Amino acid sequence: MQSLFTPWRFSYLSEGVPLVGCFFCDAAREPDEVERLVVAREEHHLLLLNRYPYTNGHLMLAPIDHLGSPEDEDAAARAELWPLVLKAQRALSELYAPQGFNLGMNLGSAAGAGVPEHFHLHIVPRWRGDTNFMSVVGETRLIPDELETTWRKLRGILSREDL
């Protein structure tokens with residue numbers, strides 16, 4: 001097995017950027033502002049676009065309450081979580097026809113959580129060949145659709161009753 005080294009990410013891992021406040025909590029307070037990138041709000045959770053996506057449509061599902069782990073949620077919130085993941089997958093499938101998905105959580109700073117005090121689940125659509133030399137050589141990701149355009153499209157799809 002080969003290792004691929006990505007030294008430009010080391011400063012992000014080792015130094016981090018000190019957060020002022022919590023952008024998930026800010027998004028919960030102002031979910032209709034395009035700057036917050038919230039595409040859907042349920043009773044207990046938000047779906048929002050990742051401002052620094054790996055691919056088009058990279059979503060994060062986060063609780064509205066400031067909680068560090070899914071185990072901190074009550075039963076009603078836990079019951080809402082997985083159906084919302086599936087709804088997000090259906091919406092992304094309709095919009096972008098991905099060939100697969102990565103779903104994942106980093107719980108705690110040791111696990112790589114960028115916001116360890118507010119858990120979130122990444123929903124990342126994937127396509128064969130969506131990784132390429134640009135990330136490695138050019139330190140650049142190629143994202144074909146602009147965030148605001150994706151935000152508008154996903155809000156429309158996720159607001160439908162038939163999804």
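This is a predicted model: local features need pLDDT of at least 70, side-chain atom pairs count only at pLDDT 80 or more; totals for chains, interfaces and linings use all residues.
Trainee: Where is alanine 97 found?
Mentor: Phi of alanine 97 is near 50°, a positive value in a residue other than glycine. Helices (H or I, at least four residues) and strands (E, at least two) are DSSP runs, numbered from the N terminus. On that basis, alanine 97 sits in the loop between helix H3 (75-96) and strand S4 (100-104).

Trainee: Leucine 37 also has a positive phi; what is its relative accessibility?
Mentor: Leucine 37 is not a glycine, yet its phi is about 65°. It lies in the loop between helix H2 (23-29) and strand S1 (38-41). Leucine 37 counts as buried because its relative accessibility is 5%.

Trainee: How many disulfides does the structure hold?
Mentor: A disulfide is a pair of cysteine sulfur atoms within 2.5 Å. The sulfur of cysteine 22 has its closest cysteine sulfur in cysteine 25, at 3.7 Å, which is too far for a bond. Cysteine 22 is buried at 8%, and cysteine 25 is buried at 14%. The number of disulfides in the structure is zero.

Trainee: Let's look at the rings. How many aromatic pairs does a search of the whole structure find?
Mentor: Rings of Phe, Tyr and Trp (its six-membered ring) pair if their centres lie within 6.5 Å. Searching the whole structure gives a count of two.

Trainee: What kind of aromatic pair do tyrosine 96 and tryptophan 127 form?
Mentor: Their centres are 6.4 Å apart, with 80° between the planes. The pair links distant parts of the chain, with tyrosine 96 in helix H3 and tryptophan 127 in the loop between strand S5 (121-126) and helix H4 (133-137), 31 residues apart. Planes under 30 degrees apart count as stacked, over 60 as edge-to-face and the rest as tilted, so this pair is edge-to-face.

Trainee: Which element gives the most to the largest nonpolar core?
Mentor: A nonpolar core is a set of buried Ala, Val, Leu, Ile, Met, Phe, Trp, Tyr and Cys residues joined through side-chain atoms within 4.5 Å. The largest one has 23 residues, and those with the most contacts inside it include Val39, Leu47 and Ile123. The elements giving two or more residues are S1, strand S2 (45-49), strand S3 (59-63), H3, S5 and helix H5 (147-158). With seven residues, the element that gives the most is H3.

Trainee: What percentage of the contacts with a separation of 6 or more do residues 24 or more positions apart account for?
Mentor: Contact means heavy atoms within 4.5 Å. Leaving aside neighbours within four places in sequence, isoleucine 123 is in contact with residues including Leu47, Val85 and Phe101. Across the chain, for contacts with a separation of 6 or more, the share from residues 24 or more positions apart is 64%.

Terms used. Residues are numbered from 1 along each chain as its sequence is written. Side-chain values use heavy atoms; hydrogens and water are left out. Buried means under 20% relative accessible area, exposed over 50%, partly exposed in between (1.4 Å probe, protein chains only).
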